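Work through the exercises below with the structure open beside you, and try each task before you read its solution.

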Amino acid sequence: MQEKKLIYDGTFDGFLSAVFYVFEHKIKLASIENEFVAQNGLFSEDIIIITEEDKANRLWTGLKSKVSSQGSYQIYYAFLSEQLGVENILLDYIRYAFSSTLKVDKNYAHPSVLKIAQIAKMVGREKHRMEAFVRFRLTKDDVYFANIEPDFNVLPLISKHFKRRYADQKWMIYDISRHYGLYYDLNKVEIINMEFPKHFDFTKTDENLFKEQEFEFQKLWQDYFKSTNIESRKNMKLHIRHVPKRYWKYLSEKQPD
Amino acid sequence: MSFERTQEKLKILADAAKYDVSCSSSGSNRSNKNKGLGDSTGMGICHSYTEDGRCVSLLKILLTNYCIFDCAYCVTRKSNDIKRAAFKVQEVVDLTINFYRRNYIEGLFLSSGIFKSADYTMERLVAVAKKLRLEENFNGYIHLKSIPGASDELMREAGLYADRLSVNIEIPTKAGLKKLAPDKNREDFIKPMVKVKNEIIQYKAEKKIIKSTPKYAPAGQSTQMIIGASGENDFQIMQTSNHFYKNYNLKRVYYSGYVPISYDDRLPQIGSAVPMMRENRLYQTDWLMRFYGFDVSEILNAQHQNLDLDIDPKLGWALRNLHEFPVDVNTADKRMLARIPGLGMKSVYKIINARRFRRLNWDHLKKIGIALNRAQYFMICDSNQFERRDLSAEKIKGLILQNSTSKYTKTLSNQLSLFG
């Protein structure tokens with residue numbers, strides 16, 4: 001039998017629409033691919049999936065009744081990992097979930113369930129890291145601005161946390177590698193796109209853009225960070241495990257003096 | 001706020017506060033109200049880590065390092081010749097708010113040297129917390145130090161604004177305390193602890209009836225002991241710790257390996273190693289007590305007064321109790337699963353969940369992420385391959401150590417050579 005390749009638009013609803021299509025047409029051999037990465041296969045038949053919100057919702061509601069709440073968030077988290085081929089592991093998981101009478105998301109001996117749990121854990125860890133490592137800087141327009149470059153697409157996951165916490169200040173978190181950000185205007189969080197000048201250096205705090213006091217608080221924070229060290233206990237290996245070097249460039253305490 | 005002055009004070013008063021190990025910012029339930037600032041309902045967040053690998057989640061400072069006491073183990077002791085400084089209440093408030101707004105911290109951990117009297121000091125700590133809550137509408141985490149000897153009225157007020165209160169007993173035994181801190185007596189530590197405990201019990205009872213009862217220290221209280229400064233053995237330390245958990249409903253007891261800071265001949269000399277390995281083993285024992293269903297006397301008792309440094313306490317217990325093993329992971333109850341060396345509580349739950357679907361074999365266990373290096377000698381599963389030799393405890397320990405490289409090897413060999 002020939003493999004059918006389903007190409008979707010990269011959104012979660014699009015992905016769910018593709019899964020819906022698989023069930024609707026009883027396709028046995030299917031591969032779901034994001035339109036940005038899909039390549040024409042020599043021996044496969046391509047189907048372009050149209051994102052349909054109601055179908056996506058139907059599938060999602062059905063799926064949620066087949067897994068625990070932990071299972072459904074794991075599916076969403078794993079999807080946001082954007083890892084190559086994750087859609088097909090998810091498809092296998094979802095097929096298994098619908099075929100079983102028991103809730104399957106705790107069956108870690110099933111390869112797809114285990115794999116999704118592992119990927120979801122990685123994404124969860126990155127979400128938590130971003131909640132920790134975001135460093136706001138106060139701009140001249142009184143907006144607390146932060147830029148991030150997470151390994152996975154975690155902005156949708158951290159929005160609630162920051163909205164609840166910083167309810168009385170305007171803030172923006174921008175994902176440099178995915179070219180979009182979140183902006184909170186004291187009422188709601190919006191998704192925004194911004195144009196930055198070419199070669200804009202996100203690690204520098206430009207005095208034309210940021211408030212004067214910003215430099216003072218960064219300095220105080222750097223000093224504070226230094227004085228928390230206990231020299232006789234120093235253990236850089238452990239330090240780097242907790243704060244991997246790839247995150248250092250946007251951490252104010254890690255900037256050179 | 002004058003930048004240079006604050007900068008100087010922050011350096012002095014953060015440096016003196018770093019020996020307090022508690023940095024937990026979880027366990028509270030204070031949510032953001034009326035579009036205020038901050039929220040401490042979720043799990044704790046470590047916003048950064050020090051170069052020695054400890055979590056930085058709170059702005060941990062002293063209000064002042066002036067102190068009328070002369071405790072030998074403390075950097076801010078009266079007789080120590082160091083720079084002294086004191087923050088104004090407003091300065092601490094400004095620092096906390098501005099650090100919090102930039103997502104540097106989860107909140108404030110405020111401690112202090114004791115100037116004039118216990119109550120005078122406690123009053124100022126409470127004033128900071130009060131201002132943060134009432135004037136700044138701040139809902140981040142606040143951990144206040146209870147000053148030994150502070151009055152009940154002040155402790156009551158402190159709990160209304162703080163999420164956690166703590167008073168450090170510092171030295172695990174009365175005799176040790178007398179030797180190193182002659183000005184202090186244990187009753188002064190116990191008094192605020194009892195008050196806080198009773199207030200928490202009362203708050204929980206009242207809250208069941210009246211939902212709007214003002215919060216009282218929702219993240220509970222904790223304490224800290226210094227390890228390796230006054231010659232106690234592990235048995236004494238864990239007994240003290242168990243006593244405090246049981247009688248004062250503590251959330252946590254922290255163990256802090258003594259960092260030599262003085263040439264006082266009652267204490268380990270400057271340059272001697274910090275007992276980090278021992279500290280680690282004590283925390284493991286603490287966890288076994290609190291989460292794994294062990295009674296402290298199973299691990300430390302009159303026969304075994306010190307923990308092994310080369311193996312973890314659960315493995316040590318298992319080797320002394322080989323008659324309890326092997327455990328069948330497909331049928332054993334949670335309590336016994338939790339006693340298998342190498343299995344953490346997360347693995348225990350994974351096993352319990354996965355075995356509902358099928359009988360588990362070595363391959364399944366490995367994929368789930370069980371550390372079989374230690375566990376394999378203590379369990380059987382759905383496989384006819386298991387350890388059949390009748391190995392002695394010594395032999396098992398040898399095999400396990402042979403097949404593992406401890407990340408502490410360096411520390412271990414240093415510490416062993418001290419004794420050997």
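Helices and strands are runs assigned by DSSP, where a helix has at least four residues and a strand at least two, and they are numbered from the N terminus. The model used throughout is a predicted one.

**Exercise 1.** Locate Ala217(B) and Glu170(B) in their chain, and decide whether each of them is buried or exposed.

*Solution.* Begin with Ala217(B), which lies in the loop between helix H6 (186-209) and strand E7 (221-227) of chain B. Its phi is positive, about 35°, although this residue is not a glycine. To judge burial, recall that a residue counts as buried if 20 or more other C-beta atoms lie within 10 Å of its own. Ala217(B) has 27 C-beta neighbours inside 10 Å and therefore counts as buried.

Next take Glu170(B), placed in the loop between strand E6 (164-166) and helix H5 (174-180) of chain B. Glu170(B), not a glycine either, has a positive phi of about 60°. Because 22 other C-beta atoms lie within 10 Å, Glu170(B) is buried.

**Exercise 2.** Describe how helix H7 (residues 234-248) and helix H8 (residues 276-291) of chain B pack.

*Solution.* Two packed helices are described by the angle between their axes and the distance between the axes. For H7(B) and H8(B), the angle is about 40° and the axes are 11 Å apart. Angles under 35 degrees would count as roughly parallel and those from 65 to 115 as roughly perpendicular, so H7(B) and H8(B) are oblique to each other. Their crossing is right-handed.

**Exercise 3.** Find the surroundings of Val296(B), and say which residues it is in contact with beyond four places in sequence.

*Solution.* Val296(B) belongs to helix H9 (residues 296-299) of chain B. With 19 C-beta neighbours inside 10 Å, Val296(B) counts as partly exposed. Leaving aside neighbours within four places in sequence, its contacts are Met238(B), Gln239(B), Asn242(B) and Met289(B). Now compare sequence with space: Val296(B) and Phe235(B) are 61 residues apart along the chain, while their C-alpha atoms are 8.8 Å apart.

**Exercise 4.** Which residues touch the most other members of the largest nonpolar core?

*Solution.* In soluble globular proteins, nonpolar side chains tend to be buried together. Here the largest nonpolar core holds 167 residues, and those that touch the most other members are Ile173(A), Ala129(B) and Ala158(B). Helix H5 (residues 111-133) of chain A gives the most to this core, namely ten residues. Looking at Ile173(A) in detail, and not counting residues up to four places away in sequence, one finds that it touches Val134(A), Ala146(A), Ile148(A), Leu155(A), Phe162(A), Gly181(A) and Leu182(A).

**Exercise 5.** How many residues does each chain give to the contact of chain A with chain B, and what classes make up the side of chain A?

*Solution.* The contact takes 39 residues from chain A and 42 residues from chain B. On the side of chain A, helix H7 (212-227) gives the most, with nine residues. By class, this side of chain A has 18 nonpolar, nine polar and twelve charged residues.

Key. Residues are numbered from 1 along each chain as its sequence is written. Chains are lettered from A and ligands numbered from 1 in the order in which they are written. This is a predicted model: local features need pLDDT of at least 70, side-chain atom pairs count only at pLDDT 80 or more; totals for chains, interfaces and linings use all residues. Axes are lines fitted to C-alpha atoms, for helices over the stretch in contact, and angles run from 0 to 180 degrees between N-to-C directions. Angles under 35 degrees count as roughly parallel, over 145 as roughly antiparallel, 65 to 115 as roughly perpendicular and the rest as oblique. A crossing is left-handed if the near helix is turned anticlockwise from the far one by less than a right angle, and right-handed if clockwise. A nonpolar core is a set of buried Ala, Val, Leu, Ile, Met, Phe, Trp, Tyr and Cys residues joined through C-beta atoms within 7 Å. A residue is buried if 20 or more other C-beta atoms lie within 10 Å of its own, exposed if 12 or fewer, and partly exposed in between; C-beta atoms are placed from the backbone. Two residues are in contact if their C-beta atoms, placed from the backbone, lie within 7 Å. Ala, Val, Leu, Ile, Met, Phe, Trp, Tyr, Cys and Pro count as nonpolar, Asp, Glu, Lys and Arg as charged, and the others, Gly among them, as polar.
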